[in-house]
Amino acid sequence: EETARRRNTYYAASQRKFVPFKDPLVFRKGSMQYLWDAEGKKYTDLLGMNVCISVGHSHPTVVNAAMAQAQELTHCTTMFYHPVPAHFAEELAATMPQGEEWVVHFTNSGSEAIDLAMVMARTYTGNLDLLALRTAYHGPTSAAQSLTGIAGFRHPGMPGNVAFVAEPNQYRGIFGPGTEPYLDEIERTIASATTGRVAGIFVESVQGYGGIVEMPRGYMSGAAERVRAAGGLYIADEVQSGFGRTGDNMWGFEADGVVPDIVVMAKGIGNGFPLGAVVAKKAIGDVMAEKFMFHTYGANPTSCAAGRAVLQVIREEKTQENARQVGGALLARLKDLQQKHASIGDVRGRGLMLAIEMVKDRRTREPDAGVTAAVFENCRAQGLILSKSGPHRSVLRMVPPMCLSMADVEVVAEGIDRAFTEVTA
Ligand code: PMP
């Protein structure tokens with residue numbers, strides 16, 4: 001009650017109102033894929049605390065690495081040399097496609113990294129116009145908002161020079177399923193809504209807040225080709241889809257064989273420690289050599305020690321492989337539920353980036369935000385934390401820590417099944 005009073009009195013509405021559940025929920029402890037509230041009730045965290053918890057809540061390897069670094073030297077501003085971020089930059093560059101030289105610029109968050117990628121792309125190409133997808137989410141800073149298509153996240157005063165293209169949503173995209181019509185749309189948009197010369201396109205390899213919209217085969221490489229023909233760069237936003245979450249690959253863009261010019265990452269990179277990064281082809285990343293872009297906490301050694309430990313855990317505990325196997329099992333169970341519950345219109349995703357989408361009628365595919373919200377609340381009562389997303393708030397997104405187990409899959413599937421049975425009875 002005290003926490004609620006303080007929050008309700010002293011938080012601004014922009015932060016205060018962003019509460020998913022009807023009743024307040026105070027988390028006091030986390031361990032791997034589980035959370036405990038103030039009363040000691042246990043939850044399975046299918047939200048991954050907003051996709052930040054890649055390898056597990058308070059994972060001991062990550063916590064110990066960050067604590068050891070914090071005790072030695074908590075912060076060392078980026079104008080001085082420090083071995084930890086330098087080493088981490090080398091390790092991140094090594095995860096990128098071979099045959100290119102990559103350079104890294106550390107930020108504190110995803111949207112700062114998006115801003116920086118926008119500046120890099122515009123500086124490198126000399127062009128101003130950017131393309132983004134209509135149901136994209138790229139972050140809360142003014143510049144990142146200007147690339148964000150979802151209306152609720154857009155506010156007055158955003159910078160311009162962004163043209164939006166239709167997302168290739170295979171379930172409810174305006175051109176139906178397929179890839180080509182969405183690539184034609186990029187060409188048309190470049191011709192009709194830009195100067196004809198563009199700085200780049202930003203694409204989430206799997207859209208997160210957009211409702212787990214996977215880019216269909218050929219879209220990412222086709223988009224890169226069309227944008228490069230107009231002088232622009234291909235920028236992969238891997239803030240949600242990176243670090244092995246999609247199961248098959250370390251990076252979501254690898255599913256299509258495209259080599260991005262710039263890769264933006266955050267969230268899972270630090271397993272909860274504030275950290276983001278832009279990884280760019282060297283010629284592009286080095287274009288700003290004459291100017292400063294100084295993030296005071298960028299390359300902070302405590303966050304970077306956590307980031308190095310995340311890479312270590314991904315390697316040692318085979319979390320990407322776990323995401324592939326456990327995610328595959330969960331997807332199959334969700335598909336069974338689709339057979340049983342008429343309000344589940346679509347089940348989709350890869351690895352541990354999954355979603356179910358609710359509809360009022362399977363034929364018309366009219367989104368059902370009401371059932372979505374009711375199932376979401378019912379799951380909370382059962383100890384399952386999901387996430388409502390998508391432009392119509394009709395998608396339940398599952399992006400748990402990548403240590404989710406086969407035993408959890410049963411608990412989650414049974415809980416969701418029960419929720420639909422109770423809510424739609
Ligand atoms: N890109 C994507 C795909 C995201 O989901 C987010 C955050 N939800 C961001 C960028 C912005 O990251 P941050 O909130 O760390 O600024």
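The structure is a predicted model, in which local features need pLDDT of at least 70, side-chain atom pairs count only at pLDDT 80 or more, and totals for chains, interfaces and linings use all residues. Residues are numbered from 1 along each chain as its sequence is written.

**Stop 1: helix 4**

Select residues 60-72, which form helix 4. Helices (H or I, at least four residues) and strands (E, at least two) are DSSP runs, numbered from the N terminus. The expected span of a helix is 1.5 Å times one less than its number of residues. For the 13 residues of helix 4 this gives 18 Å, and the end C-alpha atoms are 18 Å apart, which agrees.

Next, colour V62, A65, A66 and Q69, which are buried. A residue is buried if 20 or more other C-beta atoms lie within 10 Å of its own, exposed if 12 or fewer, and partly exposed in between, with C-beta atoms placed from the backbone. Seen down the axis of helix 4, the buried residues fall within an arc of 90°, so they line one face of the helix. The arc is that of the directions from the helix axis to the C-beta atoms. On the other side of helix 4, P60, A68 and Q71 are exposed.

Contact here requires C-beta atoms, placed from the backbone, within 7 Å.

**Stop 2**

Display the four strands that form an open sheet in the order 1-2-3-15, with mixed pairing. Two strands pair if DSSP finds at least two bridges between them. Strand 1 (27-31) and strand 15 (384-385) are the edge strands, each pairing on one side only. Strand 3 (residues 42-45) runs parallel to strand 15 and is joined to it by two bridges. Select D45 and its bridge partner in strand 15, I385.

**Stop 2: helix 13**

Select residues 369-381, helix 13. Its buried residues are V371, T372, V375, F376 and C379. They cover an arc of only 135° around the axis, which puts them on the same side of helix 13. Their packing partners include strand 14 (353-358), strand 15 and helix 14 (406-423). After helix 13 comes G383, whose phi is positive, near 90°.

Key:
Two residues are in contact if their C-beta atoms, placed from the backbone, lie within 7 Å.
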